[in-house]
Structures are given as C-alpha cells and as structure tokens.
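Please keep the sequence and the model open while reading the numbered points.

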Amino acid sequence: MSTIKYILQSFRLITSITSGLISFIIMYFNINDASVIELILRSIPMILVTGIGFIINDIGDLEYDKQAKKNRPITMELLSKSSAIFSIIIFSIIMFSIEILFQNLVSFLILFSTYLLVFFYTFISKKIPYIKNFVTAILCISPFVYAQIISNINPNLFILGIVFIFITGRELLIDASVDFIGDSNAGLKTLAVILNPFYAQLISWTLMLTALILTRFFIIDFPLIFSTSLISFVCCFILFYLFKKQNLSIRLMLLVMITTTIFIYI
C-alpha cells in the first residue's frame, strides 16, 4: 500500500486530475449525446498522461532533485525507480486501452504526441533548458485541444495562444523564483538564469497580464468574469511579493487562468 501511496504522490494526483477536469468540462458543455460516465472515461487519458509525465520527470531529475533537496518520493528513496517505471507501463496500458476503445484517430494522435513529449521533456529541460517553459506551455494546452477534437470543435488558435502565453509566463516565474538557485547551482541555463531573476519576473508578470487582458475579447458579455479574474491576478501579485507566499500565488494564478479559459469555451 505504501508503494501505491508514493506512486500517487509522484503522479501529482491533484494536478493530473485538473488536466482531466479541463477536458471533462469542455466536453460536458459541447457534447449532447454522451453520458457523464462516458465523459469521465474520455477524460481519464489526459489525467494519466499528465501523471506519467510527472513520474518520468522525477526519474530523469533524480540526481538534480537530490542536490536541490526536493522532497520527491524517489529522491527520498521511498519509491524505487523500478516501481516507478512499472507504474508508467501500467498507466500507459490503461491510457491507450481507453483511447483505442473510442476509435477516434485524431484524439489518439494528440494523446500520443503528448505522450511522446512528456518522455522527451526531461531531456529537453537538461539539454535545451531555455526552451522548457515553452514545451511546458504546449503540454498544458493539450487537454484543451484534446477535448475540442473529441467535441468536434475546431481548435481556436487565438484562445490556445492566450493559454500558451499565460503558462509560459507562469513557468518563467517559477524558474525565476522557486527553482532559480537550484537551476543556477546545477548549471542549467534556463531562460530565467539567462535573463536574471529581476527581468525574468518582470517579463513573466507582463506575459500573464497580457494573456488575461486578451481574454476580455471573448467574454465581452460577462465583464464580471473578467473583473474577477483581474482582481484575483492582483491578489496573486500581492501574495507573491508582500506576503512572500510564492507557491500559493503560483498555484492560484493557474487556477485563475484555467477557470477564465474554461468559461470562454462553455
């Protein structure tokens, strides 16, 4: 039982479920002839591919995370590498089995592409660290594209671009604050290290605010939604700098963008 517990910790259950929830909500409001059970089942592959990505990253970053003293189940030797790899195989089999069941070639290709990208992410983050923020942003828009394809909605590139800009800014902020010292000590030339923390944080907040303002074009009839998002963004800024609650601020910022974007789709 303890092994399962640590696998789920490495899986980042809450974050992974969030990916599936995004897909579920978009499909729920755009598919009329599907049951809730079917939509839940259809959302599971996005949950699994996200969790698989986290486990792969924990394995690939094992030595780095030890140096940075990160509390990961693998770095703390609570979860063996072999158990982690076995869990990836099992999750992958379940994920593709569910996807094949629905016989949608396009959604399968999107899922498979995401699957490949999460495998290459660790390599990219080490060998080409200055582009990893952009790769993360691409992975984060996968649930939106996946759900739109299943819902027979043509992906709106402008909306996806807004999400991409926001996630890129958020990831840059993480690198410029939470991960900066560890990345610097490890010699990783991330974008935040190249720019230096001050400019990286300035650019990150500018990108996120720009993305948030752009959402106004899609919720003209609901100014309250936009106002609430903007106020929430300011609160996150205050939490980050005045109260030094960096992790909480970063989590809440993602929630602000996800809820705003989902509202656009429904």
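1. Basis of the note. The model is a predicted one, in which local features need pLDDT of at least 70 and side-chain atom pairs count only at pLDDT 80 or more, while totals for chains, interfaces and linings use all residues. Residues are numbered from 1 along each chain as its sequence is written, and side-chain values use heavy atoms, with hydrogens and water left out.

2. Secondary structure. The chain comes to 13 helices and 0 strands, where helices (H or I, at least four residues) and strands (E, at least two) are DSSP runs numbered from the N terminus.

3. Overall form. A compact globule with 266 residues would have a radius of gyration near 18 Å, and the 19 Å of the chain agrees with this; the radius is taken over C-alpha atoms, and the globule rule is 2.2 Å times the number of residues to the power 0.38. The C-alpha trace spans about 55 × 45 × 30 Å along its principal axes.

4. Of the 266 residues, 47% count as buried, a term for under 20% relative accessible area, with exposed meaning over 50% and partly exposed in between (1.4 Å probe, protein chains only). If one takes contacts (heavy atoms within 4.5 Å) between residues at least 6 apart in sequence, 72% of them join residues at least 24 apart. The chain exposes about 13,700 Å², of which carbon and sulfur atoms supply 70%; these areas come from the Shrake-Rupley method with a 1.4 Å probe, and for residues only the protein chains shown count as cover.

5. Aromatic pairs. How many aromatic pairs does a search of the whole structure find? The search finds 16, with rings of Phe, Tyr and Trp (its six-membered ring) pairing if their centres lie within 6.5 Å, and with planes under 30 degrees apart counted as stacked, over 60 as edge-to-face and the rest as tilted. The pair of F24 and Y28 is stacked, because the ring centres are 5.8 Å apart and the planes stand at 25°. Both residues belong to helix α2 (residues 13–28), where being 4 residues apart separates F24 and Y28 by about one helical turn. F24 is buried at 18% relative accessible area, whereas Y28, at 43%, is partly exposed.

6. F198 is exposed, with a relative accessible area of 58%, while Y199 is partly exposed at 46%. Elsewhere, ring pairs link F96, F108, F112, Y115 and F119 into a cluster.

7. A residue of helix α6. T122 lies in helix α6 (residues 105–127) and, at 8% relative accessibility, counts as buried. Leaving aside residues up to four places away in sequence, T122 touches I56, N57, G60 and D61.

8. Positive phi values. Where does Q103 lie? Q103 is in the loop between α5 (81–101) and α6, and its phi is positive, at about 50°, although Q103 is not a glycine. Q103 is exposed, with a relative accessible area of 71%. N152, in the loop between α7 (132–150) and α8 (157–176), has a positive phi near 60° and is likewise a residue other than glycine; at 73% relative accessibility, N152 counts as exposed.
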